[in-house]
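Dear colleague,

Please find the structure below, handed over for your records.

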Amino acid sequence: MSEVIVLVDVVDGNATKPSLELLTIARKIGEPSAVVFGADVPASLAEHGAEKIYQLDDAVYGEYLVGPKAEALTKIVTDASAAAVLVPSTTEGKEIAARVALKTESGLITDAVDVSVDGDTVTTTQSVFAGNFTVDAQVTKGIPVIAVKPNSVAPEAASGAGTVEAVSVDVSDAAKGAKIVSTKEKAASGRPELTEAAIVVSGGRGTGGDFSEVEAFADTLGAAVGASRAAVDSGWYPHSFQVGQTGKTVSPQLYVANGISGAIQHRAGMQTSKTIVAVNKDEEAPIFELVDFGVVGDLKTVLPQATEAAKARKG
Amino acid sequence: MTNIVVAVKYVPDATADRTFDSSDNTVDRENVDGLLSELDEYAVEQALKVVEEGDGEVTVLTVGPDDAADAVRKALQMGADKGVHVNDDAIAGSDAFATSLVLAKALEKLEYDFVFFGMASTDGGMGVVPTLVAERLGLPAVTLGGEITVDGDSVTIKRDGDVATQEVQGSGKLVVSVTDQTGEARYPSFKGIMAAKKKPVEEWDLSDLGVDASEVGLDAAWTKVVSTEPRPPRTAGEIITDEGDGGTKLVEFLASKKFV
Ligand SMILES: Cc1cc2nc3c(=O)[nH]c(=O)nc-3n(C[C@H](O)[C@H](O)[C@H](O)COP(=O)(O)OP(=O)(O)OC[C@H]3O[C@@H](n4cnc5c(N)ncnc54)[C@H](O)[C@@H]3O)c2cc1C
Ligand SMILES: Nc1ncnc2c1ncn2[C@@H]1O[C@H](COP(=O)(O)O)[C@@H](O)[C@H]1O
């Protein structure tokens, strides 16, 4: 069986959940080979079907933006005569994928929310125009290079050999043009990761700048916290929590929008959520067109009451 | 002297009903009003700021149909000095690879220190064209800058990632992409609107760029759309007005769905 090259993200020694999802998808296409940059090779890779693990442990990969990683991945893909390449649809993943696709003259599909395989044909599903359309597409040149969104499939355990193969690549000077001069780690929120969370509770301009009610309700549900761009632009919540066209796309089981009007650019990031609930003072707010349940009211009173009620139910 | 080319795209208005052309599954660009992609306005703004602080010129470059001239005009009204519009029927339906080829060939004919891009187009929105252009031109790409600082021939950006904030630096000829975190883009002033009428716009077609028609367009695409499906409308939900028990009712709903 041909190799399917899977770029995995390792954070604090662990493979991220989206990485394990990629391995699960890869098994539908061929034999998964994981590619790891850095010193740690998490056991979870072999436990999710990775037959081979290419490890590239060289400081150069952390010193520059995607250039060196893209060259290394291209070499692995070419040497392995890979059948397909899967990467996480993050900003870095997409940039690496774009360079690998061009270098190998292969078609690229980004932001896939599903990948299906029929014989040799790999078909991807994407959600476009702010989630208003679903598009199925195929790569017609080279091998499929696909950037896949989190939560596309449930990661399935499968035992793979997990044979580690150290790879070293002579990175060209041309790939070293964008130097990372400083990195400042952010403090962890202690909440689930926004794009992976089963429940997202978010706040907008209607919070008036105080996210405490939103956070308290999120915590009783074990949810991630999100924000509209209006809230982010006002400096009320960090940009990495923005949901929408220029923020994160989330597709949780439950999305609770508080004090958010529901502009098209916000919808673009949450419209595919399974269940949508909103609290908004204005019964005309467009967010109510999307909801399964809506409360017309002031979030400053509705949310604290909901938090108490949820706590009471949990006992 | 800093010369910056800003690549801008003419896109269907996001607040209109965007759809697909049923004959070939490409984005319907005919029945929807278009405009300069809002996300590219941020790139124009940053380029103007850089040039205003020193001296130099801002050239806007677009690849698109006749109407795309509107996008060029808007950027000229904001203050860009001149425009280049690559327009050729053969380009219609191009994917990101072909678009990046045309942009790269056009850039080879222009003088520049930096090329600024938006973070993503608001229609196709893959966000890969800047990277692809850089790859084709053999240039480094300093992408997704939320803050852009230009000092001589080097550009430093601040990038706001999920786990860390980073500073990234590049120098020499560079591709830079600019996010919507860089600060509001200016509105054209009356003076700007009048001045734009006299600014030069060059029109190029594929023969001007030495690109063969077979390298671009729908038939040259490296991917194909096999189907497009409008999302089924969401079924109308229950909406209640808070009468002192809105929070409780909300949780009753969540409990009925087993979320609590
Ligand atoms: C190119 C582009 C990209 C964009 N990208 C994004 C994006 O990624 N994400 C995003 O969110 N937006 C994005 N936007 C902005 C978007 O168009 C809206 O401006 C934004 O989503 C509005 O945020 P909001 O709903 O919080 O604020 P508003 O639209 O001001 O709505 C606030 C809502 O709160 C309600 N409210 C006020 N007080 C209370 C209260 N006490 N209790 C309950 N309800 C209350 C009001 O009735 C109102 O409906 C983008 C725009 C552009 C042009
Ligand atoms: N047809 C085009 N003409 C000029 N610039 C473009 C075109 N398409 C994309 N771009 C540039 O590339 C950026 C990213 O586009 P995309 O990869 O399509 O999301 C945009 O913000 C523009 O700066």
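A:Asp79 is exposed, with 54% of relative accessible area (exposed means over 50%, buried under 20%, and partly exposed in between, with a 1.4 Å probe and protein chains only). Its partner is A:Lys75, and the two side chains meet in a salt bridge of 2.7 Å, N to O (a salt bridge being a side-chain nitrogen of Lys or Arg within 4 Å of a carboxyl oxygen of Asp or Glu). A:Lys75 is partly exposed, at 36%. Both residues belong to helix H4 of chain A, residues 67-79, where they stand 4 residues apart, about one turn of the helix. Helices (H or I, at least four residues) and strands (E, at least two) are DSSP runs, numbered from the N terminus.

Please note that this is a predicted model, in which local features need pLDDT of at least 70 and side-chain atom pairs count only at pLDDT 80 or more, while totals for chains, interfaces and linings use all residues. Residues are numbered from 1 along each chain as its sequence is written, chains are lettered from A and ligands numbered from 1 in the order in which they are written, and side-chain values use heavy atoms, with hydrogens and water left out.

Over all chains, the structure holds 29 salt bridges. Side chains of opposite charge can pair when their charged atoms come close.

One of these bridges joins B:Arg159 and A:Glu95, at 3.1 Å from N to O. This pair crosses between chains, from strand E9 of chain B (residues 154-160) to helix H5 of chain A (residues 91-103). Both B:Arg159 and A:Glu95 are buried.

Another bridge lies within chain B, where the closest N and O atoms of B:Arg186 and B:Glu45 are 2.9 Å apart. B:Arg186 sits in the loop between strand E11 (174-178) and H5, and B:Glu45 in helix H1 (residues 38-53), so the pair ties together parts that are 141 residues apart in sequence. B:Arg186 is partly exposed at 24%, whereas B:Glu45 is buried at 4%. The two also belong to a network of salt bridges that links them with B:Lys49 and B:Glu52.

Finally, B:Phe190, B:Ile193 and B:Met194 make a nonpolar surface patch of about 290 Å². Patches are made of residues with over 30% relative accessible area and no salt bridge, like charges being joined within 9 Å and nonpolar side chains (Val, Leu, Ile, Met, Phe, Trp, Tyr) within 5 Å; accessible areas come from the Shrake-Rupley method with a 1.4 Å probe, and for residues only the protein chains shown count as cover. B:Ile193 lies in helix H5 of chain B, residues 190-196, and is partly exposed at 31%.

With kind regards
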